Amino acid sequence: MSTASIDTARITERLSAFLSRVEEAEPVDNIFVDLPTLNEAMKSKMTIDGGRQSMIALDTAQNSTIASFSGYDTFNLTPQDTARTAVYAFINYGGTVTISWEEMRETSNSDVRVFDLVAHKRRNAIASMKDRINSDLYVAVPAALDINSIPQLISTTAAAGGIAAGGFWAAQENAAVGAFAANGLVNMRDSWNDVVRQGQGTPDTTLTTQAIFQAYEAAIDPDVRYSSADKLSRGATVLEWKGKPIMFDADMTAGEMYMINWKWIKLYVDTDGNFNLDKFIEPSNQKAYTAKLVFRGQMVMDNRRALARLAGIT
């Protein structure tokens with residue numbers, strides 16, 4: 001008997017479950033992709049409990065009164081203004097999870113349900129929200145209510161935290177790298193050392209596009225040495241630059257690469273907005289239930305010179 005015409009619509013779930021072998025306990029993911037930028041940021045996230053914004057004090061200038069002297073020389077008494085404050089307003093993302101009473105009844109009995117529909121809807125909503133946030137992390141100019149983006153924070157031209165770019169508030173940048181095969185490694189070396197020269201530590205992660213990631217792998221492939229004479233294998237499972245991981249993100253802008261120290265760029269997450277799902281509420285005119293999913297936080301940066309951007313990579 002052909003199975004091509006078996007109806008798998010919701011109303012025949014009970015019949016389908018009896019006639020079919022259930023291969024997976026949950027729906028197989030056919031839509032979401034890896035989110036390395038958000039995942040890395042979440043590893044070192046800063047948890048906050050309420051508040052409207054984050055204010056970060058910055059040391060931004062040297063004391064200009066320092067000078068050598070002898071005998072009765074006078075000292076420079078010019079008042080010094082060496083600190084400023086960066087301010088980042090917290091933002092919110094929201095979504096809903098909705099299920100009807102009928103759907104809940106149809107999947108309430110574990111003997112006949114194929115998977116937990118409520119749990120699936122919750123996981124799908126959280127994954128959808130994370131996908132949206134990761135995508136927004138690479139928008140050139142974020143919308144007013146969206147999270148701060150990597151291109152905005154690691155920049156030589158864009159304002160951040162209420163401070164105009166320039167001077168102490170500028171990232172290390174190589175904006176016209178050109179062909180990676182010819183110029184990629186030397187520019188990566190330059191950018192890394194430009195960061196090191198600032199005395200603020202080294203990058204933890206290098207993020208780029210899949211195309212540039214593959215160009216990097218091709219560039220270092222001739223240096224591979226084999227540890228076994230019996231079995232040869234090409235292609236590393238993890239790539240590193242200066243001992244730190246290099247990854248590619250599907251949302252990354254073409255031709256760009258960022259060297260990030262997660263000490264200086266942080267994801268703030270509110271305790272009550274950490275992809276939290278509210279209680280399900282039943283409206284007065286429907287036999288259905290809706291819960292709101294929320295995220296509250298912000299991507300902040302407090303040391304631009306310790307971050308690097310490479311662009312124009314082909």
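## A buried aromatic pair

In this predicted model, Phe-275 and Phe-295 are both buried. The structure holds seven aromatic pairs. Among them is the one formed by Phe-275 and Phe-295, with ring centres 5.0 Å apart and planes at 40 degrees to each other.

Together with Tyr-93, Phe-275 and Phe-295 form one aromatic cluster.

## Charges over rings

Phe-275 also has a charged neighbour: the charged end of Lys-130 sits over its ring, 5.1 Å from the ring centre. A further arrangement of this kind involves Trp-241, whose ring has the charged end of Lys-242 over it at 5.6 Å from the centre.

## Gln-298 in strand 11

Strand 11 also contains Gln-298. Gln-298 has a relative accessible area of 3% and is therefore buried, the cut-off being under 20%.

Two polar contacts involve the side chain of Gln-298. One reaches the backbone oxygen of Ala-89 at 2.8 Å. In the other, a polar atom of the Gln-298 side chain lies 2.8 Å from the backbone nitrogen of Asn-148. Leaving aside residues up to four places away in sequence, Gln-298 touches several residues, including Tyr-88, Phe-90, Ile-91, Asp-146, Ile-147, Lys-266, Leu-267 and Tyr-268.

Key:
Residues are numbered from 1 along each chain as its sequence is written. This is a predicted model: local features need pLDDT of at least 70, side-chain atom pairs count only at pLDDT 80 or more; totals for chains, interfaces and linings use all residues. Side-chain values use heavy atoms; hydrogens and water are left out. Rings of Phe, Tyr and Trp (its six-membered ring) pair if their centres lie within 6.5 Å; planes under 30 degrees apart count as stacked, over 60 as edge-to-face and the rest as tilted. Buried means under 20% relative accessible area, exposed over 50%, partly exposed in between (1.4 Å probe, protein chains only). A charge sits over a ring if NZ of Lys or CZ of Arg is within 6 Å of the ring centre and within 35 degrees of the ring normal. Helices (H or I, at least four residues) and strands (E, at least two) are DSSP runs, numbered from the N terminus. A polar contact is a pair of N or O atoms within 3.5 Å; within protein, one must be able to donate a hydrogen and the other to accept it, and residues adjacent in sequence count only if both atoms are side-chain atoms. Contact means heavy atoms within 4.5 Å.
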